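Me: Can you walk me through this structure? I'd like to go piece by piece and ask as we go.

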Amino acid sequence: MGKLYERLAKDIRIKEWLKACMNCGVCVSVCPAAEFYKYSPKTIVNIVQSQDDEAIEALLKSETIWYCGECMSCMTRCPRKNAPGQIVMALRSLSIDMGYFAESEKGRQQLPLQRALCGNILNYGYCVYPRTFKYEDHPESGTIGKWIGENLEEVHKRLGSNLEQDGPGVLRKIPKESLDELKAIFDVTGATERMNTVEEVSRRKAEEMGLDMEEYCKRAFNYAGKGHTIE
Amino acid sequence: MIYKGKQKIWSDYQKEIPDDHWFYVRSCIRQNFFPASEVTFLRILRDELGKDIYETPHHTTCGGIAYHQECIPQETQMTIIARQFALMTEAGYENYACSCITSFGLYCETLETWHEMPEVLDRIRENLWKACRREFNIPKYLAHSSDLVYKFRDEIADRAKYKLVNKDTGEPLKVVEHIGCHYAKMFPSKGVGGAEYPYVLVGMAERWGGNVIDYPERRHCCGYGFRQYHVKANRGYSISNTHKKFESMEPYHPDFIVTNCPGCPYFLDRWQYVIAEQTGKTYGGNGYGIPVLTYEEMAGLVLGYDPWDLGMQTHQIAVEPLLDKIGVKYDESKKYEGTGGKPLPEPEFPMNIRCC
C-alpha cells in the first residue's frame, strides 16, 4: 500500500463507499459522463482498489477524475454497493490537497469555480447569487434570463422575493453575524486552507504557462480542448 | 404508465411525514431561478392548509453546490449542515424540510455518516462549537418540500379549481415526471417510492387528474452535472444529456414536464431553447417547447392561482399552450408587468422556438 492510497483510505467516502468492485460495468452503462466523455467509472474504481500509488498519482493528475457530474446514478445500481461518484469526490479532494489538479485542463477549472462559489457563500450566504450570475457568462439562460437580469429588482419584487432586504424570504439579506459564522466554519474546517492551496498552486501554474492570474482564470472557465469527448 | 411491479416498489418505499410543525430551509437555485415557487409552497402550506412552517433569516446555503464541485471539504459542508440543525434546535423544532434536492441528498448522506461513524459526529459538534458556539439536535424527521406537497395532495385536490385534464377532449394530460438525482438515487429508502420509480410526483400528478408516461430515459440526469454546467467550457456535457432525455420522451408527446429539483426545471427549460436556436428542433407541438413546471407551479395551477403570480413568465418555454389545454384563465397583457401593474420592457423573442 502506497502513501497516496493511505491518504485516500482515510477519506470517509472511501471508507463508506469502496467495497469490492468486480468490474461488471453497470456504473458505466448508467453514467451520463460516460455518454459524453471518454470516461469509465469502473476503471477509476479498479485503479483505486489496486492500491498502486503510481497509477493513483497518474489518475490524480489526469483529466479523467474531473469528468464525473456527481449525479450518483452509479450508487443506485452497483450490485456491490460501491459508489464510484463518491470515490471520485475523494480523488478530487486529494488531487487538490496535493496540488496535482493544476496538471490537467479540467482540474485547472478549480480556480474559477472556487472564486465564484466560495465568493458567493462568504459574501452573500448563497452558492448561487443573482448579482454574480451574469448573462454574458450564461447566454443559455436565454432571452428571458437576459430580461430577468435587466429587471432584477422589479421581477423579484413582483414574484414575492425579499431580495437583499432584512427578515426571512427569498434571497433575503443574510445577516452579517451569520456570514461571519460561515467564515469561521471555513477557517476551522479546512475550506480556507483549501482556497489558499488552489490560489497558490494556480498562481504557480499560471506563471509556468506565461499567463497572469486573470487570463489563467478566464481561460480555465472558457477553454475546451480537444480529446475529452466521444466523437 | 405500466403499473405492474411499480405498486410493489411503492409500497416498499414509503416514509413517515409528520403532519405539521416544520423548520424550513430554502434552496439557492430555486430562489434564484424560481423564486415564486418557494413563495407558492408557503402560500399553500401556511395559507391554504394552516400549517406551521418556520423560517429564520439566519439560515444559509448548505454549501452543497460548492461541495459537489470540490470547492469546500466534506468537513466544512457537514459543519454548515450542523449549523442549520442548531438553528432548528434553537427555534424549538424537530422536523426539518428543505427546498433543495442537492441539500436533501447531503442531509441524508450526512445523517447516515453520523449514524455509521459517531466519531465524525463528535468532531462536527466540536467544529461547530469552536466556530459558532452553537449546539444541535439531529432532526427527528427529514423531508424534501415535495414530500410535504405529496402528503397533502388530497387536501389540495379537495380545493382544486382545475384538473390536469385537456378541457377539450376530457383526456388526462400526459405528464413526464423528472426526479432530481439526489432525491433517492443515493438513499432509496429516504424518498417516497424509492429510486427506480419514485412516487412523489406521480402521486401528485395522478391525484390531480394527469397520466404519467413511461419513457426509456426516465431516470437519466437532467444534465446539470455541477461543474459540467458551472464552467462554460463543460456545458456540452449538460446540453448533451438534456438532449438525450428529450429525444427519448418526444415520441410520447408529453403535455408538460414536472420536476422536484430546483435545478432540473431550469436546465430542461433553457436547454430546449438552446437546442432550438442551434438546430431548429422543438419538442412541443406547433414550434413550441414542452413546458417544464416545478411541483409548486403544478399545485398552484390546480388551485387556480394566477400563472404570473406563480412566476411562469420566467420560463423560456411558453406555458400558454398548457394553460389553454387545462382552461386556466390568464391575462397575457400582464405577463411582463412589475409590481402594481408597472409595465416592464418585453424580453426579446428567440429565433427558432415559439413564444406567446
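Me: Where does Pro57(B) sit?
Reply: You'll find Pro57(B) in the loop between β2 and α4 (64-67) of chain B. Keep in mind that this is a predicted model.

Me: Which residues does Pro57(B) touch, leaving aside its neighbours within four places in sequence?
Reply: With those neighbours left out, Pro57(B) is in contact with Gly167(A), Pro168(A), Arg172(A), Ile174(A) and Pro175(A).

Me: And how far apart are Pro57(B) and Val25(B)?
Reply: In sequence, 32 residues; in space, 9.5 Å from C-alpha to C-alpha.

Me: OK, the strands in chain B now. What's the order in the sheet with β2?
Reply: The order is β2-β1-β3-β4 in chain B, an open sheet of 4 strands with parallel pairing.

Me: Which strands stand at the edges there?
Reply: β2 (53-54) and β4 (141-144) of chain B do. Each has a single partner strand, so one side of each is left without a neighbour in the sheet.

Me: How many bridges join β3 to β4 in chain B?
Reply: Strand β3 (residues 95-98) of chain B is joined to β4(B) by 4 bridges, and the two run parallel. If you want a spot to look at, Tyr96(B) stands opposite Leu142(B) in β4(B).

Me: What about helices lying across that sheet? Which strands does α5 of chain B cover?
Reply: Helix α5 (residues 74-91) of chain B lies across β1 (22-25), β2 and β3 of chain B, and runs at about 145° to β1(B). There's also helix α6 (residues 101-116) of chain B, which lies across β1, β3 and β4 of chain B, at about 155° to β4(B).

Me: At what angle do α5(B) and α7 of chain B pack?
Reply: About 70°, with 9 Å between the axes of α5(B) and helix α7 (residues 118-132) of chain B. So α5(B) and α7(B) are roughly perpendicular to each other.

Me: Which residues meet there, between α5(B) and α7(B)?
Reply: From α5(B) you have Glu75(B), Met78(B), Thr79(B), Ala82(B), Arg83(B) and Ala86(B). Facing them from α7(B) are Val120(B), Arg123(B), Ile124(B), Asn127(B), Leu128(B) and Cys132(B). Sorted by class, the contact of α5(B) with α7(B) has 7 nonpolar, 2 polar and 3 charged residues.

Me: Switching to the sheet with β6 in chain B. What's the order?
Reply: β6-β5-β7-β8 of chain B: 4 strands in an open sheet, with parallel pairing. The edge strands are β6 (211-212) and β8 (292-294) of chain B, and each pairs on one side only.

Me: How many bridges for β7 with β8 in chain B?
Reply: Strand β7 (residues 256-259) of chain B pairs with β8(B) over 3 bridges, in the parallel sense. Val258(B) has Leu293(B) in β8(B) as its bridge partner. Helix α14 (residues 263-279) of chain B packs on that sheet, touching β5 (174-178), β7 and β8 of chain B, and its direction makes about 165° with that of β8(B).

Me: What domains does chain B have?
Reply: The domain assignment gives domain 1 (17-145) and domain 2 (152-341) of chain B. Their centres, taken over C-alpha atoms, are separated by 25 Å.

Me: How many residues are in contact between those two domains of chain B?
Reply: 33 residues of domain 1 of chain B are in contact with 34 residues of domain 2 of chain B. Between them these domains of chain B bury about 3000 Å², 69% of it on carbon and sulfur atoms. Phe34(B), Gln69(B) and Ile101(B) supply 21% of the area that domain 1 of chain B buries against domain 2 of chain B, more than any other three residues.

Me: Chain A next. How many helices and strands are in chain A?
Reply: Chain A has 14 helices and 0 strands. Its C-alpha atoms fill a box of roughly 55 × 40 × 40 Å along the principal axes.

Me: How is chain A divided into domains?
Reply: Into domain 1 (3-98) and domain 2 (107-222). The C-alpha centres of these domains of chain A lie 28 Å apart. Here, 4 residues of domain 1 of chain A are in contact with 5 residues of domain 2 of chain A, and the two domains of chain A bury about 460 Å² between them.

Me: Last one: at what angle do α9 and α14 of chain A cross?
Reply: At roughly 95°: the axes of helix α9 (residues 110-124) and helix α14 (residues 213-222) of chain A come within 7 Å. That makes α9(A) and α14(A) roughly perpendicular to each other. The residues of their contact divide into 7 nonpolar, no polar and 2 charged.

Terms used
Residues are numbered from 1 along each chain as its sequence is written. Chains are lettered from A and ligands numbered from 1 in the order in which they are written. This is a predicted model: local features need pLDDT of at least 70, side-chain atom pairs count only at pLDDT 80 or more; totals for chains, interfaces and linings use all residues. Side-chain values use heavy atoms; hydrogens and water are left out. Axes are lines fitted to C-alpha atoms, for helices over the stretch in contact, and angles run from 0 to 180 degrees between N-to-C directions. Angles under 35 degrees count as roughly parallel, over 145 as roughly antiparallel, 65 to 115 as roughly perpendicular and the rest as oblique. Ala, Val, Leu, Ile, Met, Phe, Trp, Tyr, Cys and Pro count as nonpolar, Asp, Glu, Lys and Arg as charged, and the others, Gly among them, as polar. Two strands pair if DSSP finds at least two bridges between them. Contact means heavy atoms within 4.5 Å. Domain bounds come from an automatic or database domain assignment. Buried area is the accessible area (1.4 Å probe) that two parts lose on being put together, summed over both.
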